[in-house]
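Visitor: Hi! Could you walk me through this one?
Guide: Happy to, here it is.
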Amino acid sequence: MRSRTLTLAAVAGAALLATAALPATAAPSNARTPASAQEGSVSAADLLAKVTSCSQISSGKYKTDDETSATIPVCGKNGAVFWKADMDIDCDGQVTTQCNGDTDPWFQDDTAFHQSDGKPLRAESLPYVVVPSTSSIWKYTSYGIKGGGVVAVIYNNKVEYAVVGDTGPTQIIGEASYATAKALGVDPDPETGGADSGVTYILFKNSQVSPIESHTAAVSLGDSLARQFLQNN
């Protein structure tokens, strides 16, 4: 739930005031570190074949970073919305070995959506995607997208199922958790990692993983919804 508009120097200075060596918290019992994608029975090629053209549903377009032009639309399909962008790394949520104020200059210890026990999500082990906060460009809730909704993230011919787990800046799109990146073979370092382009995010409307922190449940529901997506488009 971060904004990258602050300068690195300013944020890094603030990070020095944070606790330097906080212990890693244990992963929930129903969570698992995702295996290397691909997940499920639907191939990346089959999903990508359904999103070759864009019927734009956003009122405007998004930037991939503060410095770039706004070129990324949100597109609509039967049962889903999608966009093609880059991947910035979100390490927000629970403090862990890989995600904390020392490893991530933009770190925030909360996420927009929480686990079933009320705690923030765990970016290090839970694949999740960040959606832009509501603005005049696009309101994600108006299109059946909600916290815990299923997302098929496609990169380099691999599919990883994730959940909608956080919200981001109102004008920037293309961000996913440390765990999502790692599973797809993307450098997950929150400061220097990510992918510059080539990432497709397909968000299935009116879907909800319960509990949100169960990656196994996300894969099961995601695979079913992906098959429906192929049939309906």
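Guide: One term to begin with: contact means heavy atoms within 4.5 Å. Helices (H or I, at least four residues) and strands (E, at least two) are DSSP runs, numbered from the N terminus. This is a predicted model, where local features need pLDDT of at least 70, side-chain atom pairs count only at pLDDT 80 or more, and totals for chains, interfaces and linings use all residues. Residues are numbered from 1 along each chain as its sequence is written, and side-chain values use heavy atoms, with hydrogens and water left out.
Visitor: Thanks! What do the buried residues of α4 pack against?
Guide: They pack against α2 (44-49), β1 (75-77), β2 (80-90), β4 (150-155), β5 (158-168) and β7 (195-204). Buried means under 20% relative accessible area, exposed over 50%, and partly exposed in between (1.4 Å probe, protein chains only).
Visitor: And which residues of α4 are buried?
Guide: Among them are H215, A218, V219 and F229.
Visitor: How does β5 pair with β4?
Guide: In the antiparallel sense, over six bridges; strands pair if DSSP finds at least two bridges between them. A152 has Y161 in β5 as its bridge partner.
Visitor: New topic: how many disulfides are there?
Guide: Two, a disulfide being a pair of cysteine sulfur atoms within 2.5 Å. C54 and C75 form one, with sulfur atoms 2.0 Å apart. C54 lies in the loop between α2 and β1 and C75 in strand β1, 21 residues apart.
Visitor: Is C54 buried, exposed or partly exposed, and why?
Guide: C54 counts as partly exposed because its relative accessibility is 40%.
Visitor: Which cysteine does C91 join?
Guide: C91 is joined to C99, S to S 1.9 Å.
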